[in-house]
Amino acid sequence: MKTELYTAFQLSAIRITAAVMLLAAVMGSMLHWVLRSLMKIDPPQIGGATGDKIQQVIGNSDPSSPHFQLQGLDVTGTASQSSGIGLSYVVVTVLGILLVAGNFRHGAVMWKVLRGRGRWGLNMLGTVAVVTAAIVAVSCLITVVVTSIATALSGVDWAASTSDMLLVWLRGIIALTLLAVASAAVTLATHSGPIAGVVMGVVYIIEATVTTLGTVLGWDSHAYGWLPLQSIVSAVGVSNTAAYGTMAGMLLCVGWAGLATIIGLGRVKTYNL
């Protein structure tokens with residue numbers, strides 16, 4: 001795996017993707033604070049259940065609350081989007097695909113696979129996991145800078161505890177790493193970066209459509225909370241729209257990544273070189 005790691009950090013495409021991930025962390029954290037300023041609604045103007053929901057949303061948008069600040073520190077940006085596809089999801093998906101697809105594009109897979117198909121597949125997935133975790137970890141530090149500036153501009157003190165912040169970061173790193181591994185496994189299965197990109201894109205579009213319809217039609221969030229990206233929302237545990245608890249969400253993330261890995265490694269053994 002040392003060879004794959006060295007090669008990964010030498011590729012300009014990976015460096016660019018890493019830079020975009022840092023940008024995604026900044027944008028996600030900034031968007032969280034900006035959206036709060038746009039939610040200035042007077043609850044008494046709306047009565048009934050709708051008014052109660054709005055009151056709850058406004059209560060959760062108190063910049064002085066630890067929970068709100070933890071949402072801004074969430075590198076996945078799950079608190080800023082409910083039914084859409086977060087930029088961080090797209091970035092780690094592209095990262096996972098690029099790390100594997102380069103071997104097919106340059107023909108390196110031929111001599112690597114000859115050393116052991118299963119071993120090579122596991123090495124590639126391990127490389128994706130290490131590279132993704134490192135990039136996301138650095139991105140977490142960026143959210144501290146944004147949150148520090150935002151709290152100062154909002155005139156509130158830092159309320160989120162260090163332990164809670166580290167726990168949110170850890171969950172985010174694991175969840176995004178599993179998503180990247182799943183994307184890499186799909187690339188192994190399809191034997192093509194472009195095809196893997198199309199497959200993952202279709203999956204995300206279908207999920208976004210189902211989630212949006214569920215939200216509009218008032219479905220129970222458990223009906224679609226098991227989907228891949230919604231599983232990440234639950235795993236991180238700071239979004240107000242999470243369908244499941246953090247443990248259940250993390251198990252779902254592991255399940256999706258595990259399923260993709262089984263399929264991907266199974267296909268590696270059938271490569272026609």
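Buried means under 20% relative accessible area, exposed means over 50%, and partly exposed lies in between (1.4 Å probe, protein chains only). The model is predicted: local features need pLDDT of at least 70, side-chain atom pairs count only at pLDDT 80 or more, and totals for chains, interfaces and linings use all residues. Residues are numbered from 1 along each chain as its sequence is written, and side-chain values use heavy atoms, with hydrogens and water left out.

**Exercise 1. State what share of the protein chain is buried, and describe its secondary structure.**

Step 1. The protein chain has 273 residues, and buried residues make up 46% of them.
Step 2. Helices are DSSP runs of H or I with at least four residues; strands are runs of E with at least two; both are numbered from the N terminus.
Step 3. The protein chain has 11 helices and zero strands.

**Exercise 2. Decide whether T261 and H191 are buried, partly exposed or exposed.**

Step 1. Locate T261: helix α11, residues 246–268, holds this residue.
Step 2. T261 is buried, because its relative accessibility is 18%.
Step 3. Look for its neighbours. Contact means heavy atoms within 4.5 Å. Leaving out residues up to four places away in sequence, T261 touches L125, V181 and A185.
Step 4. Turn to H191, in the loop between α8 and α9. Its relative accessible area is 30%, so H191 is partly exposed.
Step 5. Check the backbone of H191. Phi is near 65°, a positive value in a residue other than glycine.

**Exercise 3. Find the residues that touch the most other members of the largest nonpolar core.**

Step 1. A nonpolar core is a set of buried Ala, Val, Leu, Ile, Met, Phe, Trp, Tyr and Cys residues joined through side-chain atoms within 4.5 Å.
Step 2. The largest such core has 56 residues, and M21, V136 and I232 touch the most other members.
Step 3. The largest share of this core, 15 residues, comes from α8.
Step 4. Take I232. Leaving out residues up to four places away in sequence, I232 touches T76, T78, Y89, A175, L179 and C253.

**Exercise 4. Classify the lining of the second largest pocket.**

Step 1. Ala, Val, Leu, Ile, Met, Phe, Trp, Tyr, Cys and Pro count as nonpolar; Asp, Glu, Lys and Arg as charged; the others, Gly among them, as polar.
Step 2. The lining has 21 nonpolar, two polar and no charged residues.
Step 3. Helix α11 gives the most to this lining of the second largest pocket, with eight residues.
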